[in-house]
Amino acid sequence: MAPIRDKYTIHSKAVVCQDVELKGDITIGSGSIVHPKATIFAIAGPIVIGSGCIIEEGAIIVNRRKEVMRIGDDNLFEIGCRVESPTVGDFNTVSTRARVHHTVRIGSYCVVGAGCLVVPTEDEFLDDYTVIYGPAAERRTWSGRGKVQEADLRRKHAEYLREMLPKFNRLRRGEGS
Amino acid sequence: MDPPIYYSKAEYIETDTGNKVSRRATIAGPQNIILGGKTIISSGAIIRGDLRRTGAGHAVVISLGRYCVVGEGCVMRPPYKTYRGNFNYYPMKIGDHVHIGANTVVEAATIGSHVEIGKNCVIGKFTIIKDCARVADGTIVPPNTVIPALALFAGSPGRFVEDLPESTQETVETQTKRYYTRFQPLDR
């Protein structure tokens, strides 16, 4: 296999901390936040992250497939989660220590609860508003109540971090630096 | 009695008050973190003191008491919420003699004294843990939970299992003190 070429395209309004492990072809959209100690590995194909995403410490995002891994806007990847799904929609939450396998495609407004394992052997698509919870990774559908508030919280969170993180952390800029 | 637990002298920084902090731990915003003394922060731990409350004045983000141990790969970060339309992070307070096991994620608001938290736990946002409580290994405590004093919590989601004996305070205290004395440098 050809060696992995590093190519980072980081939007000027994105906040990516210095202490982040990036590998491969990665594009990070405007206003997205990557906390220190997060890991983004584009092993086979490139990774494209939309705007307003928050990737917390210890989160691991891996693309093992050849095609582009697309992550939508305003997603939250909490501490120590691991996501390998080839597509992720908008406004999803992957909670602390959850794991999502490369066989799952995620729609929009989904929540994967803390410590859940989503590891089906066959390809699967998580419909919009799916909530996965509990130790056995049970599922149900969210009615969408409080969606506006949730979106508002996410936006304010990102806005706060964009202001605060640069005060205490060194940032990484696009293209090789 | 117990054999000492050795660590390489080069790895840990010891402060005047006896705190031992690994160089391999990630500590963001150290000016906002208070360590009570004789506290051990193991390698790979992440402590987020940078997520401070907005507003004027000196902000303490995370305060740890005496004889605490933060295990390997632990993540400690303050909880956040919106209050009256303003987004904010809120400080995290931890008492004395608190042991936190390896790879645990803590986003609690308050943790009392003499608390033992196991390995691989997730402590949700704004959790309040009262004195002398214990959280078993691998427990997932949902956000806003209150764990009462002298209770053992386990499972996913974390539930009450049993009451702990009243001697817990003494046993935990001696245990944490012994751990600190056992934790010795090795010159090499």
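Where is A:Pro135 found? A:Pro135 lies in the loop between strand E20 (130-133) and E21 of chain A. Strands here are DSSP runs of E, at least two residues long, numbered from the N terminus. The model is predicted: local features need pLDDT of at least 70, side-chain atom pairs count only at pLDDT 80 or more, and totals for chains, interfaces and linings use all residues. Residues are numbered from 1 along each chain as its sequence is written, and chains are lettered from A and ligands numbered from 1 in the order in which they are written.

A:Pro135 is partly exposed, with 14 other C-beta atoms within 10 Å. The cut-offs are 20 or more such atoms for buried, 12 or fewer for exposed, and partly exposed in between, with C-beta atoms placed from the backbone. A:Leu117 is 18 residues away in sequence and 8.2 Å away in space, C-alpha to C-alpha.

In chain A, eight strands form an open sheet with mixed pairing, in the order E2-E5-E8-E11-E14-E17-E20-E21. Strands E2 (15-16) and E21 (138-141) of chain A stand at the edges; each has a single partner strand, so one side of each lacks a neighbour in the sheet. Pairing requires at least two DSSP bridges between two strands. E2(A) runs parallel to strand E5 (residues 33-34) of chain A, joined by two bridges. Within E5(A), A:Val34 stands opposite A:Val16.

In chain B, strand E8 (residues 62-66) is largely enclosed by the rest of the structure, because four of its five residues are buried. E8(B) pairs in the parallel sense with strand E5 (residues 33-37) of chain B over four bridges. Two bridges join E8(B) to strand E13 (residues 92-94) of chain B, also parallel. B:Ser63 stands opposite B:Ile34 and opposite B:Lys93 in E13(B).
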